[in-house]
Amino acid sequence: MPLFSNEILEDSVKKISENSDSWLSQYKFIASKAVTNRRKYMHGARCFAQTIIGFFINPLLSKTENVYIFEGIRNKEYMTIFRADSVVIVGSHLEKAYAKAHGYGFCWSFPMVSATQSKMGRDWNYPAIRQLRLWLEILSKFKKATFFLYEDTQPLGVFFVHIGKLLQPNVSTVCIQHGYFTITNYPIRLDGILSDINFVWDCRQAELIGSNPVATFEIGLPYFATAKQTNEINVVLVGTGMADYGTNVFQRSINTYVIIHTMLANIKGINIFYKPHPNEYNDEKTLDHIRKKFNIVDNPDKQKLLNGPRSIFIGTESSLLYEAGIAGHLVAHWKLGTDEIPVFDFDFEFEANEMSELLQWILNMKNKNLVCKEDHITRIEPLERFKLALCEAKIPF
């Protein structure tokens, strides 16, 4: 194991804390309530308890030549490329069950997260230094270790990024894009800028992230979806997921969607649904509020929706709008007047005072029987695209 002085480790802990804290301060611009709750949590009893418990938990990794460490199971499709005994999932109870069921290794995430939060909230160095030492000792035994992250703005992702920096070039971090980024008029560090390598949905995102173009590779979406031709029109109102952000965006979107719903409700051959954001599926209070106003898409599996009847998706800057367009659905972008500008392609754009124009466009599409958009997306299998990116990034598998 390479020897690292306390000064080097303290400097790494400081950078981990600063990187996590700076993003949180930027995020406050759009989610003040959520940020306040997070900072309160860092000073609370639960964070303190998890920090102490973390002293008694050591990461257990395989004894293979190479190891592939995945943050959560968001990218579980890509795990199948590697030998099961070389894959380690970092997470909580859900991830532990998934790892056990598929023969993967598992490590708890909370020791690193709580240690980082204790540095941020209480300025404690020792818990994070201890976690650094544990990971440095274990990873130094591998010929090659690769972290597959979906974020490097939160404490866990930032922690692993700095582990990689200490052990380069034998350890590297890959940030796999998990949402479609927009242009913002406020400063916010996007996921990917701290990582060594970026796997993105499309190359337009690399410029927004500010990633190294030499170490950025396009992998597309992790699945295929194709809209099916139908005689009726489904209109899908896409949720913002911002109910608890401390802004008026969520309620403004609901108010506008109610107007759209009322406008279309009595037109024969048009079905209207509300697609909750993942944050909304996890919030029963918000879901109850939404159910009183709309028929909702009860199944949170977006692939089933995207592989369903050709629809018109209406929303602001959701990643689902990009994905719907790729699948061959029509996309109507609502200019909400926020500080985010989409870079995905859309078929129609409107403001809240242009409901008659929106109605006319929807009726035109209905009369045209929602003619399918030409599919210009490569049909290379998602796993093959991922393997190609691994080869280009010189990551063994």
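Close-up 1. C175 is buried, with 3% relative accessibility (buried means under 20% relative accessible area, exposed over 50%, and partly exposed in between, using a 1.4 Å probe and protein chains only). The model shown here is predicted, so local features need pLDDT of at least 70, side-chain atom pairs count only at pLDDT 80 or more, and totals for chains, interfaces and linings use all residues. Residues are numbered from 1 along each chain as its sequence is written, and side-chain values use heavy atoms, leaving out hydrogens and water.

Close-up 2. With a disulfide taken as a pair of cysteine sulfur atoms within 2.5 Å, the count is zero. For C175, the nearest cysteine sulfur belongs to C203, 15 Å away. C391 is in no disulfide either, and its nearest cysteine sulfur, again that of C203, lies 17 Å away. At 47% relative accessibility, C391 is partly exposed.

**Close-up 3. A right-handed β-α-β unit.** Here you can follow β2, helix α5 (residues 93–102) and β3; helices (H or I, at least four residues) and strands (E, at least two) are DSSP runs, numbered from the N terminus. Strands β2 (residues 87–91) and β3 (residues 105–108) are parallel and share four bridges, where pairing requires that DSSP find at least two bridges between the strands. Across this pair, I89 sits opposite F106 in β3. Right-handed means that, with the strands pointing away from the viewer, the path from the first strand over the helix to the second runs clockwise.

**Close-up 4. Proline P382 in helix α16.** P382 belongs to helix α16 (residues 382–392) and is buried at 8% relative accessibility. Beyond neighbours within four places in sequence, P382 contacts Y78, L221, P222, Y223 and F224 (contact means heavy atoms within 4.5 Å).
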